[in-house]
Amino acid sequence: MSRYSVFAVARQAMRHHLGWERAWASPEPRAHYDAVIVGAGGHGLATAYYLGRVHGIRNVAILEKGWLGGGNTGRNTTIIRSNYLQDPSAAIYEKARSLYETLSQELNYNVMFSPRGVMMLAQTQAEIRGYQRTAHANALQGVRTEFIGPRRVKELCPIINLAGPRYPVLGALWQARGGTARHDAVAWGYARACSDMGMHVIQQCEVTGVHRDGDRVTGVETSRGRIGCDKLGIVVAGHTTQVADMAGFRLPIESVALQACVSEPIKPAMDVVVMANTVHGYMSQSDKGEMVIGGGTDGFNNFTHRGSF
C-alpha cells in the first residue's frame, strides 16, 4: 500500500490523478479464516485491526451485509469524550479518546479528529453538584476536565442563550480535549489498514446463520456462501441480539433507535460540542457547516435506521 502524503498528492497531480490505487481490496471470500468479524463498522474494523497489529492474527475476514460503515458508524453524532463519573467508564473512554489523538498518523489516513472541546451544561442545582463531583472524580482518574461558570460557557459558545428559554445555563462540565471525528473516515482508515495487512473486507455479505459443533462455532452461513472460522466476533451494534440468536445464546440487551438529525450547511456558528442532559439534546457543527443535533431514544424496541423527524 502506498503512503498518503503531500508528495504523493504532488506526484499524482502530475499524472492527472490517474495513478491512485484502491484504498482497500474487494476480495472473494475464502473457505476458512482464523477469525471472522461480523460487522464492518468502526468497532468491527478496529477489532480486526488490533488483532493484526497487536496480536499478529491476520487471517481475518470482516463481513458487512451492506456497505462499509453504513450502519451505526455512518449514523452517529461523532462525539468523542471521556468525562464519565464511574472509574470503569472513564478508563475505557479515555483510552479510546487518547487513541484518536494519533490515529490519523497511525493509519496514514486523516480521520479528521477535531479536539474542539465538549461541554455538558448544568441547568439545575442538582446538575451543578453532579458535574462538580464528576470533575473531582475525573481528576482522580487522570481525565482532564473542569467545571466552568456561565461567563466561560458564553466565551466558548457565543451563540448560547444563558437565560433559557426554558432552563438557565448555570455552568458546565468542560473537557477541552474532547471533540469529534469524521465517522466515515474512521471506518475507511481502519479498512485500508486491515486490507494492507492481508485481511479481507467483504461487503454485501450478510450473515444468515451460525454453524456450530457442540458449543464451538465452526463458521457462518452468508449470502455469499458458507465461510468457516475458528473464532467469531459479533460487532453489529443494535443487531447483536439477532446474530447471537443465530449462534444459540441470548443476550440481555434491548435495541432502540436514538434520534438525530443534520441540517443544511450554514455559516460557522459554533466550534464546540454542547450537550444538555436536562432537555436531552446535544449539538455540534460539522466541517461542512451542518448542524448535527441529537436527541433521546425511542420509547419502544426497534432496529430501524430511519429517523422519525
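Biologist: Where is P165 found?

Modeller: P165 sits in the loop between helix 5 (150-156) and strand 6 (171-175). Helices here are DSSP runs of H or I with at least four residues, strands are E runs of at least two, and both are numbered from the N terminus.

Biologist: And the peptide bond from G164 to P165, cis or trans?

Modeller: That bond is cis, with omega near 15°.

Biologist: Before we go on, what are the ground rules?

Modeller: This is a predicted model, where local features need pLDDT of at least 70 and side-chain atom pairs count only at pLDDT 80 or more, while totals for chains, interfaces and linings use all residues. Residues are numbered from 1 along each chain as its sequence is written, and side-chain values use heavy atoms, with hydrogens and water left out.

Biologist: OK, helix 2. How many residues does it have, and how far does it reach?

Modeller: Helix 2 covers residues 42-55, so to speak 14 residues, and spans 19 Å from first C-alpha to last, close to the 20 Å expected at 1.5 Å a residue. The expected span is 1.5 Å times one less than the number of residues. Just after the helix, G56 has a positive phi of about 75°.

Biologist: Which residues of helix 2 are buried?

Modeller: G42, G44, L45, A46, A48, Y49, Y50, L51 and G52. Buried means under 20% relative accessible area, exposed is over 50% and partly exposed is in between, with a 1.4 Å probe and protein chains only.

Biologist: What covers them?

Modeller: The cover includes strand 1 (32-38), strand 2 (60-63), helix 3 (87-107), helix 6 (183-196) and strand 8 (200-202).

Biologist: How do helix 2 and helix 6 cross?

Modeller: Their axes come within 9 Å and cross at roughly 30°. Axes are lines fitted to C-alpha atoms, for helices over the stretch in contact, with angles running from 0 to 180 degrees between N-to-C directions. Helix 2 and helix 6 are therefore roughly parallel; that label goes to angles under 35 degrees, roughly antiparallel to those over 145, roughly perpendicular to 65 to 115, and oblique to the rest.

Biologist: Which residues meet there?

Modeller: From helix 2, G42, L45, A46, A48, Y49 and Y50 meet A187, Y190, A191, A193 and C194 of helix 6, contact being heavy atoms within 4.5 Å. By class that's ten nonpolar, one polar and no charged. Ala, Val, Leu, Ile, Met, Phe, Trp, Tyr, Cys and Pro count as nonpolar, Asp, Glu, Lys and Arg as charged, and the others, Gly among them, as polar.

Biologist: And helix 3 against helix 6, at what angle do they cross?

Modeller: Roughly 45°, with the axes coming within 10 Å, so helix 3 and helix 6 are oblique to each other. Y100, L103 and L107 in helix 3 meet V186, G189, Y190, R192 and A193 in helix 6. That contact has six nonpolar, one polar and one charged residues.

Biologist: Back to loops. What's up with phi at N108?

Modeller: N108 isn't a glycine, yet its phi is positive, about 55°. N108 lies in the loop between helix 3 and strand 4 (118-122) and is buried, at 11% relative accessible area. Q204, also not a glycine, has a positive phi near 55°, and Q204 is in the loop between strand 8 and strand 9 (207-213).

Biologist: Last one: R306, buried or exposed?

Modeller: R306 is exposed, at 72% relative accessible area, in the segment after strand 15 (291-297).
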